[in-house]
Amino acid sequence: MSAQRPGVGMTGFAIHPPAPTVELDAGELDVLRQAAGILGGKRFAVLTGAGLSTDSGIPDYRGPGAAPRNPMTFQEFIGSAANGRRYWARNHLGWSHLRHADPNAGHAAVALLERRGLITGLITQNVDRLHEDAGSINVVDLHGRYDRVICLNGGHVFTRRLVASILEEINPGFLEAAQALGVVEMAPDADASVEDPELIRSFVVAVCPVCGGTLKPDFVYFGENVPRDRVQRAYSMVDDAAALLVAGSSLTVMSGLRFVRHAAKLGKPVVIINRGPTRGDGFANLKVEAGVSGALAWLAAELPDLLPLGQPIGVPGE
């Protein structure tokens, strides 16, 4: 394992070069200039989704070319030992691939916007922690984080690396056997296809090292609610902002769409950067159909700094 990358993330992921940013064409640049006109001179909140991490090699849920998925719900996960075994088998394989992801230019751009004081905070629907690894600090991980595992019985918290090492020890040869079958599908929550029924039946699920309870990755499953304090902190970021920038989210689920609706209700301009339609398009003042990481990098470079409160505007020659 290579050294921890710069930033404040604690994933411990290996360092790999991010994908190069795709060049923006003339039409995309024209719309981005309009976005800069809306956001310039304002502090704004940022909401990101899976489309931002695709340039880091993590597939998204609903973007163009995304494979159809039927993710396991929380009720299914806790409903039977067979479901829990299937989930952990797939997740263990997915983690072995996605733990190598690195932040891309879009993550770096959001971190730069924060360092320059241009954003009130970052709300992300992603669980990959790449924002934190890029250096973002004021982050609401709306759907949780996949570098941690929690015990549903005792509330104990463990690093995903520790649980992965336990799973490797009690399932020798599993990763090699699963990878030999080929990965048909990957997802942003580290889910991967393992379709061999015998291989899944042979998988041994780890229990809590402290109390023997049921372990679960520390993110929100379908069928679970986002914790109330997390939602309120995200709303505060929007309340404190003069605008909202959405990047790489189809806004299909209400957990993200509610912040767009909230900003629009307050009369705050909403800019959405996403390839393909979103549920929030009707609330947006501007929709930017462009590559997310490239668009964010352009905005971070072009948006002007804000003057400190009360500082007079200088006049050339004085």
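Predicted model: local features only at pLDDT ≥ 70, side-chain atom pairs only at ≥ 80, totals over all residues.
Residues are numbered from 1 along each chain as its sequence is written, and side-chain values use heavy atoms, without hydrogens and water. Local features need pLDDT of at least 70 and side-chain atom pairs count only at pLDDT 80 or more, while totals for chains, interfaces and linings use all residues.

The chain averages a pLDDT (the predictor's confidence in each residue, from 0 to 100) of 84. A score of at least 70 is reached by 81% of the residues. Over residues 62–68, pLDDT stays under 50, with ten contacts (heavy atoms within 4.5 Å) beyond four places in sequence. Over residues 309–318, pLDDT also stays under 50, and the model has one such contact.

Rings of Phe, Tyr and Trp (its six-membered ring) pair if their centres lie within 6.5 Å; planes under 30 degrees apart count as stacked, over 60 as edge-to-face and the rest as tilted. The count comes to eight aromatic pairs. Phe 74 and Tyr 221 pair edge-to-face, at 6.3 Å centre to centre and 85 degrees between the planes. Phe 74 lies in helix α2 (residues 74–79) and Tyr 221 in the loop between β6 (215–219) and α9 (228–239), so the pair ties together parts 147 residues apart in sequence. Helices (H or I, at least four residues) and strands (E, at least two) are DSSP runs, numbered from the N terminus. Phe 74 is buried (under 20% relative accessible area; exposed is over 50%, partly exposed in between; 1.4 Å probe, protein chains only) at 17%. Tyr 221 is buried at 5%.

Phe 77 and Tyr 87 are also edge-to-face, at 5.4 Å and 75 degrees. Ring pairs link Phe 74, Phe 77, Tyr 87, Trp 88, Phe 219 and Tyr 221 into a cluster.
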